[in-house]
Amino acid sequence: MAETENIVTISHVSKSFGSNQVVQDLNLEVKKGEFLTLLGPSGCGKTTTLRMIAGFETPTSGRILLGGRDVKESEPYDREVNTVFQNYALFPHMNVYENIAFGLTMKKTPKEEIKRRVTEMLTLVQLEGYENRRPDQLSGGQKQRVAIARALINRPKVLLLDEPLGALDLKLRKQMQFELKRLQKKLGITFIYVTHDQEEALTMSDRIAILYQGILQQVDLPRNIYEKPASRFVADFIGESNIFYGYVSEKRGGEAKVVLENGEATISGTAAEPNQIVYVSVRPEDMVFSQEPKDGFTLFGTVKDVIFAGSVLKTIVELPEKMEIKSYTSPRAPSSRIGDRLYLSWEPGSAVVVPTADHVTYRTIDNPVFAPEKRRDGREP
Amino acid sequence: MKEKAGLTGRGKRMERAIMAVPVSLWMVLFVAVPIGYIFIMSFLEQGDFSAVKLAFTLDNYREMANPLNLAVFGKSIVIATVTTVLCLLIAYPFAFFVAQKSTITKTVCMAFVMIPFMVSSLIRLFSWITILRRDGILNTVLMDIGLIHAPVQLCYNMIGAVIGLVYTLLPFMILPLYSSIEKLDPSLLEAASDFGAHPLQRFVKVILPLTFPGIFAGIIMVFIPTLGLFFVTDVMGGQKVQVIGNLIQNQFVTARNWPAGAALSIVLILLTFLFIGIYKGCGGSMDDLGGV
């Protein structure tokens with residue numbers, strides 16, 4: 001099956017610059033025709049990973065396979081991958097035609113074929129009639145299209161895109177996201193896309209790989225990344241989240257009882273084991289508030305801020321232990337006022353349990369889980 | 001904007017005018033006045049005892065076109081061309097190499113380029129002679145290792161003159177080249193590799209065109225001074241090699257014909273303008289010449 005063939009295999013790849021380890025033991029497989037996004041905050045190693053695939057950086061250890069072949073020895077100009085650079089990197093001394101034709105010219109393709117393929121590319125990126133423009137006579141969006149055409153004309157096995165839309169304004173960015181996705185579907189080329197913009201990643205990708213501090217956190221479908229974060233970092237990084245800390249006290253069927261700082265909550269659909277220390281992530285849109293306490297787990301707090309943000313109304317509630325809870329509702333729903341005191345709760349199915357590797361060994365009232373200074377994993381609550 | 005600026009605008013203009021006074025004064029005193037003086041002198045007759053006679057004549061220009069002078073003009077252009085090409089061939093790899101290095105290495109290397117300026121160029125040329133002359137260091141070493149059997153004449157001839165000129169003018173080639181190579185955007189080089197350019201293709205198609213302003217500026221900075229650097233040809237070329245500068249020097253110092261020397265100077269200045277005109281006409285930037 002050609003569909004499931006791995007076009008890029010990254011196997012135990014690490015990269016250090018001096019004493020600074022940028023990528024740590026990365027394992028990643030990219031399927032043919034897939035749109036994979038490397039997502040993470042700046043400095044997470046995503047661009048370095050991309051540059052290693054392109055051949056601009058050499059891994060300190062590990063192997064990268066392109067189409068099943070180890071590319072350790074091959075120079076960037078020998079690799080069947082092409083890059084769309086962050087700042088476009090169009091050749092300023094060449095016009096649009098020459099820029100797009102560059103790859104074919106280097107391969108000494110016949111002039112007739114170059115002309116035909118450049119014309120094809122110009123049509124594809126909707127830049128007919130711009131052949132003789134210089135890069136400095138183009139707008140940001142047009143430069144972007146030229147950069148994409150210049151890469152695609154070589155029919156690469158994989159197209160690497162390094163934050164290609166970073167310099168565009170919001171509206172143009174949204175439009176280009178759509179166009180890129182359309183192009184990728186139409187041509188069936190594998191895209192590896194680097195961005196720090198989670199919305200962009202969620203919108204465009206078939207799969208998302210999340211990197212943090214050089215370590216791969218999770219590779220999954222966008223929906224799973226959002227709904228089933230595999231680590232506290234992912235839960236926090238993707239979308240907005242209220243994150244609680246606790247441990248599983250009991251498990252019955254699909255339901256688990258989780259002891260949190262604020263009480264005991266019931267959460268369904270988790271693989272966590274009893275005694276396992278977990279984070280519980282609740283999306284702000286899943287936080288429900290009410291005037292009366294509900295059965296089961298309820299939080300109580302004071303409204304600290306109400307922010308109108310267009311499509312949502314953000315209510316910030318402060319709990320007695322100074323923790324802040326975000327709750328998003330429709331602006332049409334009844335709103336609270338600053339200083340209102342109310343109850344917060346969530347449906348058992350809407351919370352996500354993010355397991356950790358740690359377990360509690362004893363359960364007392366001053367369990368170490370709830371004494372931050374004694375916390376064994378050393379992480380922030 | 002001029003309308004809106006009103007009083008403040010006038011104040012600003014005044015301020016600017018005052019700020020420009022020292023520079024203007026400098027330019028007038030040390031550039032305009034001497035050149036004007038030379039220009040006027042070039043139309044006067046030679047007086048007795050090396051003075052000038054206040055009588056208008058075009059003879060200085062007419063007599064300049066004698067075969068001897070024209071031969072020197074021609075040869076000057078050849079020497080300048082050879083010197084420029086050699087400077088370019090030496091300076092480009094050097095500048096390219098240095099530009100890839102870390103900031104500290106760059107600073108040190110460029111300091112080595114500049115430090116010789118602190119010593120008089122005459123002294124530096126004479127030290128070259130100790131290296132190049134028949135019983136000099138170079139010939140001795142080459143004979144000792146058996147590469148040559150008899151000393152090679154490396155100075156007091158054309159070879160010596162060109163070595164001296166290349167040595168003297170090399171920094172003027174390195175500086176503009178270095179500044180344009182250092183400005184190269186590394187992502188453009190990566191893009192070239194990414195789209196299949198081998199190192200040689202990358203150099204020809206991307207690096208060379210993008211550093212052309214530096215090459216062009218370097219050529220101007222070497223070619224024009226070569227025409228006038230009489231002392232280099234004097235010291236290193238014996239009396240056999242002459243550039244336009246030597247002609248001028250001869251008229252002023254030996255022949256004591258100041259108007260003729262002045263006319264030659266004016267022609268050299270016009271030649272300079274011509275080359276700079278060509279440079280600007282080809283899209284060269286004056287900043288690349290001065291901003292190094």
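Q: Is the crossing of H5(B) and H7(B) right-handed or left-handed?
A: A crossing is left-handed if the near helix is turned anticlockwise from the far one by less than a right angle, and right-handed if clockwise. In this predicted model, the crossing of H5(B) and H7(B) is right-handed, where helices are DSSP runs (H or I, at least four residues) numbered from the N terminus. Residues are numbered from 1 along each chain as its sequence is written, and chains are lettered from A in the order in which they are written. Because the model is predicted, local features need pLDDT of at least 70, and side-chain atom pairs count only at pLDDT 80 or more, while totals for chains, interfaces and linings use all residues.

Q: At what angle do the axes of helix H5 and helix H7 of chain B cross?
A: Two packed helices are described by the angle between their axes and the distance between the axes. Here the axes of H5 (residues 121-132) and H7 (residues 158-182) of chain B come within 11 Å and cross at roughly 135°, with angles running from 0 to 180 degrees between N-to-C directions of lines fitted to C-alpha atoms over the stretch in contact. H5(B) and H7(B) are therefore oblique to each other, a word for angles that are not under 35 degrees (roughly parallel), over 145 (roughly antiparallel) or 65 to 115 (roughly perpendicular).

Q: Which residues in H5(B) meet H7(B)?
A: Two residues are in contact if their C-beta atoms, placed from the backbone, lie within 7 Å. B:Ser121, B:Leu125, B:Trp128 and B:Leu132 in H5(B) meet residues of H7(B), among them B:Gly160 and B:Tyr167.

Q: How many residues of chain B are in contact with chain A?
A: In this model, 15 residues of chain B are in contact with 18 of chain A, and H8(B) gives the most to that side of chain B, with 6 residues.

How values were computed. Helix = DSSP H or I, 4+ residues; strand = E, 2+ residues; numbered from the N terminus.
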